[in-house]
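Here are my notes on the pockets, as you asked. Have a look at the model first, then read on.

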Amino acid sequence: MFKVTLLPGDGIGPEVINAAVNVLKYAAEKFNIEFEFTEKEIGGCSYEKYGTPLTDEVLSECYSSDAVFLGAVGGPKWEKLPHNLKPEAALLKLRKSLGLYANLRPAKVYNSMLSASSLKESVLADTDVMILRELTGGIYFGEPRGYDSDKGFNTMVYSRDEVERIARYAFELARGRKGRVTSVDKANVLEVSQFWRDTVHQVHTEYPDVELNDMYVDNAAMQLVRDPKQFDLILTSNLFGDILSDIAAMITGSLGMLPSASIGKNYALYEPVHGSAPDIAGQGKANPIAAIASAAMMLKYSFEIDKASELIECSLENILAEGYRTADIFSEGCKLVTTIQMTDLVIEEFDKLYVDQAINVFTL
Ligand code: NAD
């Protein structure tokens, strides 16, 4: 039995989480998986009810679960609240409290969506990059930090433990992919990056089967746009990963399609990359693909049910290939569908693939 805490949050959060949970429930039925879902508030809706965007009760619920599945938080209604009461503050607190040090953002291109990118189809075809960003260290957390009337300053610092931990995660992850890690830093200028590079290479001696190369972050940004398919897994620090993951994400098309996972020693959190999209909330227009793909990541990375995860991903690919689109990715000649219709189509396709796969296994 897998315990999953659902935190749908605000705006389109509940719509896309509901969609993804329907897919998860269907997959669970087929693969004999037992889930126990517990739904709690986070963000603006929590503030309205309890006066805080994240209650201790929700946090302890997350501590007792196998995975947390989050929608999105925020909206114009809560923009003027003090910083610590803003919905977004709940996210930072949650990630930190759960010790989620590894952020995984796949940038995979769906073949039928090639024309939606700002890059040429020939450049983008077959791109499948995983950006692995260190999430709890580096300049976002380093001390001292501050500013006065004459200067502003932050500290970019990494400890050996932090770099070794994320490097190990990268090499393990690469083993399940094409086995190539590109470690991105700025070692020509920053001592902290020289330390990062040396430490990554030391850890690499334990993984001789994985290929490792280094790249400066400015070059990596350029290469991601010039020739993204050269990369398999990009390992990088908090700040560089923040920027590179957005570049990698956007070359693949729309915000509504991008999943993510944040993983720690004891906990894991899955969430679509997009926000609460207040402009389309409650209208049935939200694209559920990012949330459904995040659920597929949960099956793979938390529960190691790779086959179910793959079937969900194939279902998404096939539905898109058949021309079904929510409004955010709609183009002429395609079939416009709502959030619920898209979800039902994914489930139908999952069912077909499941039956085909069962027949194939049976006839082998
Ligand atoms: P956003 O991602 O919510 O929306 C940006 C644009 O993309 C909007 O036009 C929206 O309609 C569209 N969009 C996003 N997701 C979509 C989907 N699944 N289907 C269809 N269209 C989609 O970003 P924003 O407008 O800058 O922020 C809105 C609120 O969300 C803010 O309060 C912000 O702080 C918050 N936010 C939360 C998270 C999070 O919870 N992880 C992330 C980013 C922003």
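1. The second largest pocket has 26 lining residues, and Pro106, Lys108, Asp128, Arg177 and Glu313 sit nearest its centre. A pocket here is an open set of points on a 1 Å grid over the protein atoms alone, where a 1.4 Å probe fits, with protein on both sides within 12 Å along at least five of seven lines; lining residues have an atom within 4 Å of a point.

2. Before you go further: this is a predicted model, with local features needing pLDDT of at least 70 and side-chain atom pairs counted only at pLDDT 80 or more, while totals for chains, interfaces and linings use all residues. Residues are numbered from 1 along each chain as its sequence is written, and side-chain values use heavy atoms, leaving out hydrogens and water.

3. That second pocket comes out at about 570 Å³, a volume being the space filled by probe spheres set on the points, which are joined across faces, edges and corners. H11 (306-321) is the top contributor to its lining, with six residues (helices are DSSP runs of H or I, at least four residues, numbered from the N terminus).

4. The largest pocket holds about 760 Å³ of space. Of its 31 lining residues, Leu91, Leu92, Arg95, Arg133 and Leu135 are the closest to the centre. Helix H4 (87-97) supplies the largest share of that lining, seven residues.

Conventions: Helices (H or I, at least four residues) and strands (E, at least two) are DSSP runs, numbered from the N terminus.
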